Amino acid sequence: MTEKRTFAPIFRDRYFLSNMRNTFFSKIILVTALVFSLGSFANDNNEPQENDSQVNSSEEIQAYISHHLADSHDFTLYSYTNDEGEREHFGFPLPVIVWTSQGLKTFMSSEFHHNDDGHVIVDKDGVKLTKIHSKIYELEEGATAVSFDEEHHATNAHKVWDFSITKTVVGILLAGLLMLWGFSSLARGYKKSPIPTGFGRVLEPLVLYVRDEIARPNIGEKHYRKFMGFLLTVFFFIWILNLLGLTPIGFNVTGQIAVTVCLALFTFFIVQFNGNKDYWKHIFWMPGVPVLMKIALIPIEVLGMLTKPFSLLIRLFANITAGHAVVMGLVAVTFTAREALGVGGSLGVSFFLTLFISLIEILVAFLQAFIFTMLSSLFIGMAVEEHDHH
Amino acid sequence: MDQLLNDFSPGLFFMLLIILLVLIFLMVKFAWKPIMNALNEREDGIKSALEEAENARKEMQNLQADNERLLQEARAERDAMLKEAREIKEKIVADAKEQSIIEGDKIIAQAQATIESEKKAAVADIKNQVANLSVEIAEKVIKEQLSNNDKQLKLVEDMVGDIKLN
């Protein structure tokens, strides 16, 4: 008895510790389970279809994939058909902000009732707005319904300037907040001690990696500091968003062409504004070649100026889009191969293929962020390089 | 390409443009600048600490070398001193031996000379005494002989026979 009593407090302490650890792990497990359950729900059809809510044929799968790849005005986590045969959407609406012919209009996306093919028309002080394939259109004066031509283009409506907080914008803001939170805490940590603690230990080597492996060797010891802000921001921005895109929440931010164009334009302008005399000389008056050649090289070099950021934006866009499409296509194997392999077989095949590709996608997420930053710093390095050997 | 252009949302583009500009500004202000400064400071600190350690090590090495050299010198000096002392000792001993031999010879020679002179003196003394005795004897003999001629002769003869010179 006495022994028991002496050991009891220790035992209790241990139990307390393990309990704490258990709660931490159980939280992780809970989140993982949640994510995976959402993932299984993501297999459900997001697209409201009047008759059949199941995605079975390859056309439907294709439509579903292209729907996911596009931006969305709602934040739908999953949807299902209830017993009455109605589509139920689980998620939340996002604000729509559009600049129409009558000025700025704002409302919540729930007013479209998840309709995405122009059947629901929202009337805002005489401005009739509708949503077709994730784009908001304003109906022409007097029209009450959208009419389509053979190629399913709206004939009596035109696109408006859409500054909505779409799912993509939510993803961007989320990534931005995560970065600000994570890295400002790392920065604050340095005030206390020169060695970071906690999560900063993970972040610091990444920052050092960008600095020592990407910026320094490509830009050069002399100039690299000036560009660190841009390069670090872009690297973590792309990486975090690529990784967010792999979660079943279903962000597809870096697979939006507008996003990659914007990122590449940043690189483009930074390169042009920091290009030194040598850089411009190499474009407009190439040294060391005959005069005729110099003139012939001007258009080529100017084209090269533009193709560099263009390759950046296409590479990122195409890689992420392809990755998402492949993952979803492999998930769809569950349905397409059901007849050939049976339910269990198609599920198993789909599971392992998706798992395999997802692992590769995790690598690609980093790789694309790395390549974008790497090439940006390479282009900057070429612009600020001093040619003393000419 | 048509699809791509259709997918391009100018609204999203401008949203991102503004968000990115703000994000870069905020990140530079609150994260990258302090992080970069802290990292550089830390690296400079490490570099200077390493340099200091290297300098200290070199200094230690120098000191050690100095010590070693001093020790070597001291040892050499000690050896030299010992050697010198040994030489001196040997020399002293040799000198002393030689001196003593010379001294002994001298004493012996002196003793011999003394003995010689003593002997000469003794012989001379004996000769004197013999002469005196012989004179005295001669006187007595003569006195006796003078009374008896035969006796005188016999006495002289006996006396002379008694006196034997060593």
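Q: How many residues lie between the strands in the hairpin of strand 5 of chain A and strand 6 of chain A, and which residue takes a positive phi?
A: Two residues separate the strands of this hairpin, and D125(A) takes a positive phi near 50°. The elements are DSSP runs numbered from the N terminus, helices being H or I over at least four residues and strands being E over at least two. The model is a predicted one, in which local features need pLDDT of at least 70 and side-chain atom pairs count only at pLDDT 80 or more, while totals for chains, interfaces and linings use all residues. Residues are numbered from 1 along each chain as its sequence is written, and chains are lettered from A and ligands numbered from 1 in the order in which they are written.

Q: Why are strand 5 and strand 8 of chain A said to stand at the edges?
A: The open sheet has four strands in the order 5-6-7-8 (chain A), with antiparallel pairing. Strand 5 (117-124) and strand 8 (157-159) of chain A each have a single partner strand, so one side of each is without a neighbour in the sheet. Neighbouring strands of this sheet are turned by 35° against each other on average, direction ignored.

Q: Which strands form the open sheet of three strands in chain A, and in what order?
A: The order is 4-3-9 (chain A), with antiparallel pairing. Its edge strands are strand 4 (103-108) and strand 9 (161-162) of chain A, each pairing on one side only. Strand 3 (residues 95-100) of chain A pairs with strand 4 of chain A over six bridges, and a hairpin joins these two through two residues. T100(A) stands opposite G103(A) in strand 4 of chain A. Two bridges join strand 3 to strand 9 of chain A, where V98(A) stands opposite D162(A).

Q: What is the angle at which helix 2 and helix 8 of chain A pack?
A: Helix 2 (residues 58-69) and helix 8 (residues 291-336) of chain A pack at about 145°, with their axes 10 Å apart; axes are lines fitted to C-alpha atoms over the stretch in contact, and angles run from 0 to 180 degrees between N-to-C directions. Residues are in contact if their C-beta atoms, placed from the backbone, lie within 7 Å. Those making this contact include I61(A) and I65(A) of helix 2 of chain A and M328(A) and G329(A) of helix 8 of chain A.

Q: How many residues does the contact take from chain A and from chain B?
A: The contact takes 34 residues from chain A and 27 residues from chain B. Helix 3 of chain A gives the most to the side of chain A that touches chain B, with 12 residues.

Definitions and conventions
Pairing = 2+ DSSP bridges. Contact = placed C-beta atoms within 7 Å.
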